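Hello,

I am passing a structure on to you, with some notes on its salt bridges below. Please look through it before reading on.

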There are 2 protein chains.
Amino acid sequence: MEQQVIAKAQKAKEAARRLAYLPTDIKNNALLAMADSLIKNTEKILEANEIDVRAGREKGLSRALIDRLLLTSERVADMAEGLRMVASLPDPVGEVESMWTRPNGLRIGRTRVPLGVVGIIYEARPNVTVDAAGLCLKAGNAVVLRGGSEAINSNTAITNIIAAAATGAGLPEGAINLIEITDRAAVNIMLKLNDYIDVIIPRGGAGLIQTVVQNATVPVIETGVGNCHVFVDRYADLEAARRIVINAKCQRPGVCNAIESLLIHRAVAGEFLPGILAALKESGVEVRGCQRTRDAADWVKPATEEDYAGEFLDLIIAVKVVDSLDEALDHIYHYGTKHSEAIVTENYTRAMRFLNEVDAAAVYVNASTRFTDGGQYGFGAEIGISTQKLHARGPMGLKELTTNKYIVFGQGQIRG
Amino acid sequence: MEQQVIAKAQKAKEAARRLAYLPTDIKNNALLAMADSLIKNTEKILEANEIDVRAGREKGLSRALIDRLLLTSERVADMAEGLRMVASLPDPVGEVESMWTRPNGLRIGRTRVPLGVVGIIYEARPNVTVDAAGLCLKAGNAVVLRGGSEAINSNTAITNIIAAAATGAGLPEGAINLIEITDRAAVNIMLKLNDYIDVIIPRGGAGLIQTVVQNATVPVIETGVGNCHVFVDRYADLEAARRIVINAKCQRPGVCNAIESLLIHRAVAGEFLPGILAALKESGVEVRGCQRTRDAADWVKPATEEDYAGEFLDLIIAVKVVDSLDEALDHIYHYGTKHSEAIVTENYTRAMRFLNEVDAAAVYVNASTRFTDGGQYGFGAEIGISTQKLHARGPMGLKELTTNKYIVFGQGQIRG
């Protein structure tokens, strides 16, 4: 098994050497060919997917998981559309970010180059296979994919189709690789292949991400976990606050940029609480609150320490009335995961303090935390949302799939 | 012991929260106060250093190691000067690298913020204590230092002096921390403190770096290993080539940006070899070569596979005559460590191919690889040279000790 995983990573590394300086046109044509081939082979993909879905039902997977796994011809068309969109984005590779001349005449340029080989470890969604491969290729990287065992037939079919289309369009063999071994041990081998893989990006739940972080010797970009807050300040426009809280909690509660807790300044708690609690209830949200919150509505359950610390990823919210901006900042510092944090306020100085003092990938004044997203930020697409500080923080687009290389133009200079 | 290491890291994390938004003036004043205090306490530092040097001599440390360990009043003055220089550099924190407005009116800014807590693991040089602390503080980071056991008395004295000066100048307690436990187990504890340490930078030999990479769960920036080459092309200005080769090999052979191998195009080997071999010999360099090199001088020893693959870090060089630019590129791809690579050529197309196709932190045309250095690049100072692709690649200055934060100015926007 080890040999099989290593062989794929080796092939990827060889491909990466050529991919690194492939013209953008060839990469774009390959992405378009991959899209066309997905459409042409929709039937084949759906057949493979049916095997996975049937097996998943027999295994008793939850309805939510089956839904993630399920492909339809519309979903295949969406994947193809995604590749066409990536083809239309500007190529980050070759950009000279800056160039300067030293007193000794050396001209030094900082250019963008691909990372090399990117490993993606993900769970049940077969569309990640296409999304991740497309973004990595556009940024000049070879990719080693390792999807969840539930989607193995879908992923194998998809990878065969897009890899063949890619090489047909002039990409080197080995640019797209799927580890077909569903044994978990294959992941552990992948995590240690420092000689072949330059970076690993896990995409999935907290369990998967922790396994990767704890066991990888290859550099990792951590993604995903978000215990996000909205703080409704004493100077908030309460109508804006209501809209932002409902949007940040309810628009898509299962994702990392949805909020898990609501903090309310005590000066507006009396006015704000009844309305927001009613609106949350109406939206089907279970509310767990501090004593002051519970005094405002008898149906609110008591919030525990765990409620403030964890991620519900569901229609549940923890609510706390705080005495001051400082208490809100302390609460966020203590419980937050440095993902996305928002304040609602009309007070300039307090807005600036929140922006300066909250340490998170994204800090908002008077907007929903749900905007933390590569598409919403205008990056065109995203490979994930980094929650670590190294390399990339927040939504990662094509640029975050590259690194830099210094190119130096001399005229015979030596160091004195 | 574990509790002691964790306690220091915790203190650092608390300090980092305040350091993150401390005005530049306060940080600069602290750096200047640290410099003054080093000078004022020179005697105390030299006394502590004497204990280390004596113990080192008794332990039989090599002369080179003793020289690294040894402090003099000049060296203390140099450390102080280094801090003053860092104070004079622009502060990367707070820089808004870009800001744009989305169609929905959201204004999104990408700003530079500190990494948080930086762990530095290093070996015998006590000056690293001051250099690393100064750079980390200037970029708004708290630092957890762990120096080699040989320098423990020097490091403890220095840290006490600069930490007291820093807090005296308004920096939070815990901004500068030294792990005083010389047991190796303390390093292993540090490597897993993901809750408190944001990044670890090892500075030292290949053994130390590999220990850190293999055992850390905290993100690591790998530094240092360099198997660098100069390729003398068939179209080289051979006089420039001679100067560059001698400089890259001999100016300071023990550092990572010195070359270990010389590649020569066969078309110029006959003309170039006799002169360069004589010049190397004259500079005291031992030459190990391929058969064609040995044909040019009978005193050249045969080069082995290991000679081409390893780092001598000494006055030894491996020489190979190659048949083509492609063979040179393949050799560098196969044996290089992606640090610094140079071509000497007057041919434009071949120079451009080398710049494009060689994957390394720094690629040179007609200049010595010895320029890969933060000072030489104009960064003012460097915390190390990254040889990984994640986060930073090549010389790392103050900017590489920061990460980004998105600040988002809304007017009540919610996601549709």
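Is A:D91 buried or exposed? A:D91 is buried, with a relative accessible area of 17%, where buried means under 20%, exposed over 50% and partly exposed in between (1.4 Å probe, protein chains only).

Some background on the numbers. This is a predicted model, in which local features need pLDDT of at least 70, side-chain atom pairs count only at pLDDT 80 or more, and totals for chains, interfaces and linings use all residues. Residues are numbered from 1 along each chain as its sequence is written, chains are lettered from A and ligands numbered from 1 in the order in which they are written, and side-chain values use heavy atoms, with hydrogens and water left out.

A:D91 forms a salt bridge with A:K27 (2.8 Å, N to O); the term stands for a side-chain nitrogen of Lys or Arg within 4 Å of a carboxyl oxygen of Asp or Glu. A:D91 sits in the loop between α5 (73-88) and β1 (96-101) of chain A and A:K27 in helix α2 (residues 24-40), so the pair ties together parts 64 residues apart in sequence. Helices (H or I, at least four residues) and strands (E, at least two) are DSSP runs, numbered from the N terminus. A:K27 is also buried, at 2% relative accessibility.

B:R415 lies in the segment after β16 (402-413) of chain B, and A:D373 in the loop between β13 (362-367) and α16 (374-377) of chain A.

Over all chains there are 56 salt bridges.

Regards
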